[in-house]
Amino acid sequence: MFIFSDGGAVPMWEQRAGQGGHPIFWDYHVVAVVETDEAWVWDLDHRGPFPERLQEYLNASFPNAEHWPVELQPIFRLTPSKAYRSNFSSTRAHMLDEHGQFLQPPPPWDAIVQPEAGEWMDALDRSQSSWGSIFNQEQLQRRFSLSASNVYREED
């Protein structure tokens with residue numbers, strides 16, 4: 001599942017790269033969602049349990065997102081694993097400055113480079129249907145039969 005926003009960066013809480021209860025802003029983030037009797041998220045960057053139930057993951061990562069500015073609200077693209085494996089490729093060039101130096105430390109795993117694969121940025125383009133279905137948070141919860149009443153809301 002790709003996670004992004006219309007504003008070019010999506011804030012996420014409970015990420016290892018975040019500092020002291022503040023969000024980290026990712027240009028995009030990719031996690032695995034596995035459906036068994038429940039939906040589980042596998043996020044290598046998350047501070048929570050591994051794997052974590054989807055509802056708890058959404059609560060921790062996107063608290064009160066429905067009140068955020070529209071351009072920051074998370075967008076979720078569920079991409080079937082076969083489409084991801086055949087289409088995703090990244091040299092991590094988007095993470096480099098004009099001198100070829102990483103703007104932030106890259107993930108510790110090797111880059112996924114497939115010369116025949118499509119452009120990974122297409123997954124963030126709503127008009128590209130080959131990468132899977134697009135959902136906002138409420139739609140994603142409905143897709144996995146999660147109760148919106150389970151969403152964490154701060155008390156007034």
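From the N terminus on, the elements of the protein chain run β-β-β-β-β-β-β-α-β-α-β-α. That gives three helices and nine strands. Helices (H or I, at least four residues) and strands (E, at least two) are DSSP runs, numbered from the N terminus. The model is predicted: local features need pLDDT of at least 70, side-chain atom pairs count only at pLDDT 80 or more, and totals for chains, interfaces and linings use all residues. Residues are numbered from 1 along each chain as its sequence is written, and side-chain values use heavy atoms, with hydrogens and water left out.

**The chain overall**

The protein chain has 156 residues, and 35% of them count as buried. Buried means under 20% relative accessible area, exposed over 50%, and partly exposed in between (1.4 Å probe, protein chains only). The chain exposes about 9,400 Å², with 51% supplied by carbon and sulfur atoms. These areas come from the Shrake-Rupley method with a 1.4 Å probe; for residues, only the protein chains shown count as cover. Contact means heavy atoms within 4.5 Å. Among contacts between residues at least 6 apart in sequence, 62% join residues at least 24 apart.

**Strand pairs**

Two strands pair if DSSP finds at least two bridges between them.

| β5 (residues 32–35) and β6 | antiparallel | four bridges | Val 34 and Trp 40 |

β5 and β6 form a hairpin, with three residues between them.

**Nonpolar cores**

A nonpolar core is a set of buried Ala, Val, Leu, Ile, Met, Phe, Trp, Tyr and Cys residues joined through side-chain atoms within 4.5 Å. The largest one here has 18 residues. Met 1, Ile 3, Leu 54, Tyr 57, Phe 62, Phe 76 and Leu 140 have the most contacts inside it. Two or more residues each come from β2 (10–12), β6 (39–42), α1 (54–61) and β8 (75–78). α1 gives the largest share, three residues. Apart from this core lies another, of eight residues, including Phe 4 and Trp 131.

Take Ile 3. Beyond its neighbours within four places in sequence, Ile 3 is in contact with residues including Val 10, Tyr 28, Tyr 57, Phe 62 and Phe 76.

**A buried charge**

Arg 92 lies in the loop between α2 (81–87) and β9 (133–135). Arg 92 is buried yet has no salt bridge. A salt bridge is a side-chain nitrogen of Lys or Arg within 4 Å of a carboxyl oxygen of Asp or Glu. Lys and Arg count as positive, Asp and Glu as negative; His and the chain ends are not counted. Not counting residues up to four places away in sequence, Arg 92 touches Phe 102, Pro 106, Pro 107, Trp 109, Asp 110 and Ala 111.
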